[in-house]
Amino acid sequence: MLRRKRRLILRKRAAPGAAPGQLVADPTAVETRTSIIAYGPDQIEEIPACDPARIASLSGSRPVLWVDVSGLADHEAITAVGTAFGVHPLAIEDAVNTHQRPKAEGYEDHVFIVYRMLTPESGAEGEQVAMVVGRDFVLTFQERPGDCFEPVRQRLRHAKGRIRQLGPDYLAYALIDAAVDSYFPYLETLGEEVEELEDAVVKDPEPGHVERVHQVKRELLSLRRAVWPMREMLNALLRDEHEEISATTRTYLRDCYDHGIQLMDIVETYREIATGLLDVYLSSQSAKMNEIMKVLTVIATIFIPLGFVASVYGMNFDTSSPWNMPELDWRYGYPAVLGLMAAIAFGLLWFFHRRGWLRGDRE
Amino acid sequence: MLRRKRRLILRKRAAPGAAPGQLVADPTAVETRTSIIAYGPDQIEEIPACDPARIASLSGSRPVLWVDVSGLADHEAITAVGTAFGVHPLAIEDAVNTHQRPKAEGYEDHVFIVYRMLTPESGAEGEQVAMVVGRDFVLTFQERPGDCFEPVRQRLRHAKGRIRQLGPDYLAYALIDAAVDSYFPYLETLGEEVEELEDAVVKDPEPGHVERVHQVKRELLSLRRAVWPMREMLNALLRDEHEEISATTRTYLRDCYDHGIQLMDIVETYREIATGLLDVYLSSQSAKMNEIMKVLTVIATIFIPLGFVASVYGMNFDTSSPWNMPELDWRYGYPAVLGLMAAIAFGLLWFFHRRGWLRGDRE
Amino acid sequence: MLRRKRRLILRKRAAPGAAPGQLVADPTAVETRTSIIAYGPDQIEEIPACDPARIASLSGSRPVLWVDVSGLADHEAITAVGTAFGVHPLAIEDAVNTHQRPKAEGYEDHVFIVYRMLTPESGAEGEQVAMVVGRDFVLTFQERPGDCFEPVRQRLRHAKGRIRQLGPDYLAYALIDAAVDSYFPYLETLGEEVEELEDAVVKDPEPGHVERVHQVKRELLSLRRAVWPMREMLNALLRDEHEEISATTRTYLRDCYDHGIQLMDIVETYREIATGLLDVYLSSQSAKMNEIMKVLTVIATIFIPLGFVASVYGMNFDTSSPWNMPELDWRYGYPAVLGLMAAIAFGLLWFFHRRGWLRGDRE
Amino acid sequence: MLRRKRRLILRKRAAPGAAPGQLVADPTAVETRTSIIAYGPDQIEEIPACDPARIASLSGSRPVLWVDVSGLADHEAITAVGTAFGVHPLAIEDAVNTHQRPKAEGYEDHVFIVYRMLTPESGAEGEQVAMVVGRDFVLTFQERPGDCFEPVRQRLRHAKGRIRQLGPDYLAYALIDAAVDSYFPYLETLGEEVEELEDAVVKDPEPGHVERVHQVKRELLSLRRAVWPMREMLNALLRDEHEEISATTRTYLRDCYDHGIQLMDIVETYREIATGLLDVYLSSQSAKMNEIMKVLTVIATIFIPLGFVASVYGMNFDTSSPWNMPELDWRYGYPAVLGLMAAIAFGLLWFFHRRGWLRGDRE
Amino acid sequence: MLRRKRRLILRKRAAPGAAPGQLVADPTAVETRTSIIAYGPDQIEEIPACDPARIASLSGSRPVLWVDVSGLADHEAITAVGTAFGVHPLAIEDAVNTHQRPKAEGYEDHVFIVYRMLTPESGAEGEQVAMVVGRDFVLTFQERPGDCFEPVRQRLRHAKGRIRQLGPDYLAYALIDAAVDSYFPYLETLGEEVEELEDAVVKDPEPGHVERVHQVKRELLSLRRAVWPMREMLNALLRDEHEEISATTRTYLRDCYDHGIQLMDIVETYREIATGLLDVYLSSQSAKMNEIMKVLTVIATIFIPLGFVASVYGMNFDTSSPWNMPELDWRYGYPAVLGLMAAIAFGLLWFFHRRGWLRGDRE
């Protein structure tokens, strides 16, 4: 699942110079569905597929209105939702444009937040969530149906914790927290792969490992691109003191910010380990090469001189001349030559022994 | 197109110590053409080739005056335009000098902004745009005719969006945004190249790849040099609260700043991937070398000792002495020697097998 | 002890989207034990195993109350302790969740501090300590029994130094200081290993060294992950001017902060040395390879041509033709060939000598 | 010119512990010459070699007095100049001590500025200029006669631009600007060298290239040491709002600061390219090695087995035994052996072909 | 002297959890000696070995009292000195504990400063100096007798410069300045070594060079550890505006701070050069290897095929069959074979020539 090839830039941007706030059709966008949860301390109402036209009338009917738009194909419906809650056109454009950098921006009477979450459907690339937090509403715009918000919905339905008592800012926190948390299992999977690779590279390095290390580094790189601005976004939310975010919620966001730092921390640690693995791989490769060369050298340098000696006595000089190869006629010529060869061989072995080439490098 | 060699420093600077604000003739400068678009909410007038002398009289006639000077050869005309709008001499010098670093500087009653855009004519090097934003005018100075502003002109002509309602600061934003956007398609091309190289290096590394990786890194380096200060320039515009830039426009610039960060982000990501590719390449080279050495070693170390044995029995010792090579006269001498050779060969093969050298490294 | 494999992520996090402040059962958590030390300048009372129900009644009975909870299995008891002292639910959650990043956070009327300490039981991974500092109490939550606080308890018991005179903030300082100090012996052990490796790599590099260097770098990496945020935590305590921390204690914390910087300093220095060791190792490997190649080349290139000459005179051409190998019949053919061989050998030796290949690279 | 060896530390410092403000004789210092240019909007007077004693009397006679001291051997004269204008003793010490880091420091009624300029005489090391800017004077202390200020003098003489209208701060700006500009031509030379090396390394790498790359990196390193603090110095001048520097001049300094950043930018870009070149070099070396090894392996592994076969049939076994080398007596023994050899050779060639070793790596 | 092995952590710390301000016996501490210099503008009195008991009575007797304690074995005496001047217990602890990080800390009525100096006795490790600066006294605590303060004492004795006119803060500055200056000669020695290594590695690389480069990098690393916090300490002194430090002295400290930056600058530059040297070394090693391989390959690939041809004609096939080696009986068989061999040799030489392997890589 993690391995499918991902393009790093996919931004279907408006043509350069186009008017801002203009929505550009994305051919891969999914059909738009709008569902609504309206709740207060004692009540909750869910409208799974709501007609955009009805939304305006709902506004203000309950303490908190969560309008969840998933699928970004229907620009008219999205604009209708945005207009109903007075959302700035630039925010709407950013919500539809699915390759935003996570960020938090204050507008006159709402905060616009973009972040990414991992869902089983989205794979490692994740899915963009754009969120508008107002005084009595939260709008979320997701790329696709399927999200990591189900536990939050359960808490709303069963009034678990204080979520129904608190305002839209707390709902916003709960959704961001769920998105941050959605990265941990994926990171754990990557971590396991790094550790497997670590063992494999040390024990039995193969060329394929480098490719896998490169792949993991690339995953971590794109993870960092998602997580780093998320941390900044949370920091901006904490620092900028938007009116829509209460002090209580800020305490919770601080905790969430902490999780973001932890994510970054782990990503960076894995990147450093992965980079270090290449050094281990290369040095282990070079050790293997040294060993191979040593065997070749020991055998070749012993037998090449011996072979030469044998060749000499294989020459066909006319032995009638006393100057031509008298050794061939000696009674002990052959044993003498064998002795010479043994002497050469042992001499070279002693030389190699002294250099330490006969010891194996790997125990 | 991207590949043409670019010099990194091309600044035709004034001689060291020259008076500031002095315009230096650049032999490659293009003929100057001044075109004007004057507009307000309900009206628009275009003067494609305007005589510099007439410009002063136009000033103030319409809510917004956009004077677009392309080609920087005619210093007199440029100075005339600058003087007509009270532009600081240093700003004029910077506008003519085509190797400025992108920046935004506040002068008494105007903001001076320099940035770069990519046009089909300019190739990867881009083209400098200097812009002066006043209370009722925008001046732009481009190196060459041909720019990425046509869609903005269309929006002006057809009163698309709010561009005709808003002031010169919004026009300035629209032009900067178009320039930032002009980098995305080029970056996408580079990204595709990086990804192609990634596949190629992993599957079948060739020395030419290193050169291409180096080339891409160099492109990214000079892209970063253009984009990084653009980000700073946008940040300065947002932070410095120039009177000429309204709060509304600042909201739009914030969006544009975001795009700048995204550009940087992608450039940095590609640089890290490209750097990582060299590691992959080197380790794959070293794996290939190991494999070659293994084949050489296996074959040489098997046949060199065998060859030695054969040479021994090719020696011409006088076999009349019983000490000289009695093996040659044995009935089964030849089979015995062949057997010895087979034993040596199998011994070495077993040794190599135990070391794992007979397994291929690449499956 | 240091070598046991550690997972980098072990956070038993709540399911994504779970309500904050919700305590999640950790199957490896240890049985909870609560011990109390209540003291003032002239008195001290220890209650080794205190019933959580009794704690509330103790509150305020003495100038300072130190409630030490070790083992985090019993969430009810922990919540009871927290509630008795008005601790924020998020702080309680963080105290139970044992993979927090060290941090200091101010709540309405207490400061919440998380840090790690090394104990003989915990190994290199360390153990989390969560601490709540109020106006007349200090709560500590440890993962396991066994800590590095015994000397502090002794100082309390024997009223050594000013610890009994001063308030809970000074006790908090003493505990943090003990935790920071607990890292020094471990770092000293790592330092000794780095220095041993340094000697070993320079004198007699072996492939196993790379693995050990990688291991040490990994240890240092996870040490840095513990120590770096500890330094930040101390900085936050110094900077944020929490009411619960007096100016006197801040002076002591400044000293402690200094120790934290020293820790980081040493960790970073060791990391740089370890990284440098890989370069030393690789260059020493490549020097060894060069030497092996030189021996092979010298011997092979001398004997291969000589062997060729010998082979030529081993050919069986019919010497009845005067054109076929007349040398074989010369009176001094054999000495002449030997002389030729000697000339070739000396020629090559002279060539190698001039290239400096006969000098050993290692003295 | 660029290549002459430079020591990185040349600071002839006072003995450690010496009193500050104490001038230390530098044996290489050049004879001191003091020249004066006194000017106002309508007048200018030059005194090429002025007696230090007369200087005090000149003070205040004209709107701006530029006292230019070149050569630092005569400490008395320098102290006299300094005292005449009330310069702080530490500033005088720094002016004489020729290895200062560029800096700007405010004293009670003057600003002390140190920077470096490149002159044809100074080579790449540059020459220190110390400058004191007061309300009606500028003092400059240069190491040697010969500077890059001639164009400024010309502008003064011919009242070019506004230089005669403005005060000593503008003169100071003009001198700093000339010094910053003096680095561009040198940097251009280095840039050309980097680009030449780039082409050379890619096309035909030689060991000498690494040394040249190292040399260029070293030049860039010491350039950075000069330029980086110059940028800081300009920043300090802009930020610290010294009374002696007017707002108008600050506008010009901002432009100059920009040039400083541009210098740094180019230096850093070249450093990155130079560092990348080493990777290209190493990978190209390793590709060459691979190719050499492939040729050796192909030829050796083909001919070594063939040679072995030939040796076998060169053995002198007594062929009277039917078990001893019956092949020798076969009618088609020789052709059969040749066929066997051809089969081995083609088998190995096929093996190498399948591994892709017969294709050249370089097209 | 520089080469003696140094441990990076030597901190004889108090047991973890010990009370702060508690002095721990260091077995290597040197006998304590207290000497006093009391001075004012017109008077000076030196008491070389003063009884600690007498010190209290001296306090306030002269405008400035410099109590210099060298050797830290006698904790009682040190505590007595500290108490006499009202020094904070933590400061006393830090003064005795000889592995502090350089720092400056303000206490109620004195500033506590720690830094390091190099003395001939201390070698590269340096010696800690702890200094307490009050309104009318300076206390210094040195590890050992022998320091770099003698020139300051001489200036005091001979009333050289303004040192006797100014207060204890100026004395403190003079001592810090002497310590900073004490690093320059050592750095110069290291610089010379780096430059020697540079020449050696480029001209004739040996494996020993890598070890020396590593050694130098290590020295620079520990130098940086001493110098970097010294710079911070000076910055803190400048920034924190302690009452005990007058504005005049601050001007001098700014100069001293500058020297600290210069030290860092040089250390960093040397580190970069040293790191670059490893690249040069490795690439030169790899070039040597390439050359060795080329010689081996050229000679082996020429003679191995020739040897094969010779072996073929050394086979003993029964030449009575017309199919068996008819070449042996040809009249010109031998010259023909020699011709064949020459053809093969020239063919291969031409092949190598075309690949450029016959040119030497090093000119």
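View 1. The model is predicted: local features need pLDDT of at least 70 and side-chain atom pairs count only at pLDDT 80 or more, while totals for chains, interfaces and linings use all residues. Residues are numbered from 1 along each chain as its sequence is written, and chains are lettered from A and ligands numbered from 1 in the order in which they are written.

**View 2. The side of chain A that touches chain B.** Contacts join 51 residues of chain A to 62 residues of chain B; two residues are in contact if their C-beta atoms, placed from the backbone, lie within 7 Å. Strand 4 (103-106), helix 7 (207-239), helix 8 (247-312) and helix 9 (333-355) of chain A each give two or more residues to this side. Helices (H or I, at least four residues) and strands (E, at least two) are DSSP runs numbered from the N terminus. Helix 8 of chain A supplies the largest share, 18 residues. By class, the side has 30 nonpolar (Ala, Val, Leu, Ile, Met, Phe, Trp, Tyr, Cys and Pro), 13 charged (Asp, Glu, Lys and Arg) and eight polar residues (the others, Gly among them).

**View 3. Helix 4 of chain E.** Helix 4 spans residues 150-157 of chain E, and Val152(E), Arg155(E) and Leu156(E) are buried in it. A residue is buried if 20 or more other C-beta atoms lie within 10 Å of its own, exposed if 12 or fewer, and partly exposed in between, with C-beta atoms placed from the backbone. Seen down the helix axis, the buried residues fall within an arc of 100 degrees, so they line one face of the helix; the arc is that of the directions from the axis to the C-beta atoms. These residues pack against strand 1 (33-40), strand 2 (43-47) and helix 5 (168-181) of chain E. Just after helix 4 of chain E, Ala159(E) takes a positive phi of about 50 degrees.

**View 4. Arg218(A) in helix 7.** Arg218(A) is found in helix 7 of chain A. Arg218(A) is partly exposed, with 18 other C-beta atoms within 10 Å. The C-alpha atoms of Arg218(A) and Arg271(A) are separated by 9.3 Å, and the two residues are 53 residues apart along the chain.
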